[in-house]
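Dear colleague,

Please find below the structure that I am handing over to you.

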Amino acid sequence: HPDQRGTGMKKFSKYIFIILFGGSLYFILVTVLVSLERNAEGSSIKNFTDAIWYSLVTISTVGYGDYTPVSTGGRIIGVVFILFAIAALGLIIGEMTNFFQRLSEKRRLGMLGTSFENHTIILGWDSFSENVAIQLLNADKKVAIMTDEKNDVDLIYQEFSSKDVFVCFSDLKNYKSMELVNLKKAKTVFLNNGTDSDKLISILNIKKLCPTVGYVVILDDFNLRETFINAGVTYVLSKNEIASRLVASYIFEPAVAEFTKDLITSTNNENEYDIQQYIVHRNNPYAEREYGYIFSELKEKFNVIVIGIQKNNEKGARLIKFPDDSEIVEAGDYLIVVANGST
């Protein structure tokens, strides 16, 4: 960034000036010290080597005492060396303190990046993003949050553990900073940054950086759904659509609505239920088995109900709801199940 480069050059120039000024002053003092002490009676400083050795042990606060000035002027220079040592030590301690403070601030604001992998990135922070983060964390998912409000950083860390949440303070239009939230190793990006137009611009720019990650967007105007799908968004949702369906369900089938809310909410409580998906690996005992057999096994052994299969291939994902008993579950498929938190 140009401003950062300008600040860096100013600091570099300041250090060069300090070094040149300090070096020149030191050379003058050593020269004057030799001229004052060379012919002084009882002096142990007779040449530049003696003067340099004396100045170094004095500035370093070692003070062996093997060389000492005896003239009034030499002693005054000795006092200058002592003051110089105190000032240099103060400067070094101050710079080290500033360095660690800057490092701590950079870490707090997420400027050093994260090593999270297979995590969810939330772009933009508000109460809605907070509720989404809570559900993701309840499901044992790691979350990286990007916000353009510095005050959000401390508030987020007060509520969530830094073990599972990483926060980065950045301009949300600075797409290069997506590297700080480890975009290429993420699983999903949830865009919640302003208007629908802001989200569309963001998705077009972020997709250039990493087209393989899944993208989820909540729209205010659901008529833009096709536009976002064509832009590469994996899932496009509408707050109003989801809320209106749930409200209507509460009106005419409240028990179903209550159960639906439970199923779409992450839980680890044995008294609550959740719909989850589990991948079937090649060495899984249910790989290449019929859906009917798997359904009976999981229900009998674990009280888990398999309600669907997601088939994955090069053309994309295909969800089969309540398949025929003869449907074969292959390695790489996902089983969609209903289970309680402890199961």
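Predicted model: local features only at pLDDT ≥ 70, side-chain atom pairs only at ≥ 80, totals over all residues.

The chain as a whole

The chain contains 10 helices and 12 strands. Its radius of gyration is 34 Å, whereas the globule rule gives 20 Å for 343 residues, so the chain is more spread out than a compact globule. Along the principal axes, the C-alpha atoms fill a box of roughly 110 × 45 × 40 Å.

Of the 343 residues, 33% count as buried. The chain exposes about 21,200 Å², and carbon and sulfur atoms supply 58% of that area. When contacts between residues at least 6 apart in sequence are considered, 57% of them join residues at least 24 apart. As to charge, there are 35 positive and 41 negative side chains, and the centres of these two sets lie 8 Å apart.

The loop between β3 and β4

Two of the residues examined, Ser-170 and Asn-182, belong to the loop between β3 and β4. In this model, β3 covers residues 165-169 and β4 covers residues 188-191.

Ser-170 has a relative accessibility of 8% and therefore counts as buried, the cut-off being under 20%. Its side chain is joined to that of Ser-177 by a polar contact of 2.9 Å. Beyond its neighbours within four places in sequence, Ser-170 is in contact with Met-146, Thr-147, Asp-148 and Ser-177.

Asn-182, at 17% relative accessibility, also falls under the 20% cut-off and so counts as buried. A polar atom of its side chain lies 2.7 Å from the backbone oxygen of Phe-116. Phe-116 is also among the residues in contact with Asn-182 once neighbours within four places in sequence are left aside; the others are Thr-114, Ser-115, Glu-117 and His-119.

Glu-130 in helix α4

Glu-130 is situated in helix α4, which comprises residues 127-138. Its relative accessibility is 23%, and it therefore counts as partly exposed, a class that lies between 20% and 50%. Leaving aside neighbours within four places in sequence, Glu-130 is in contact with Trp-125, Glu-159 and Phe-160. Glu-130 and Ile-93 are 37 residues apart along the chain, and their C-alpha atoms are separated by 41 Å.

With kind regards

Technical notes:
Residues numbered from 1 in each chain as written. Heavy atoms only, no water. Helix = DSSP H or I, 4+ residues; strand = E, 2+ residues; numbered from the N terminus. Rg over C-alpha atoms; globule rule 2.2 N^0.38 Å. Buried < 20%, exposed > 50% of the residue type's maximum accessible area, 1.4 Å probe, protein only. Contact = heavy atoms within 4.5 Å. Areas by Shrake-Rupley, 256 points an atom, 1.4 Å probe, with all protein chains shown as cover. Lys, Arg positive; Asp, Glu negative; His and termini not counted. Charge placed at Lys NZ, Arg CZ, Asp CG, Glu CD. Polar contact = N/O pair within 3.5 Å; in protein donor to acceptor, adjacent residues only side chain to side chain.
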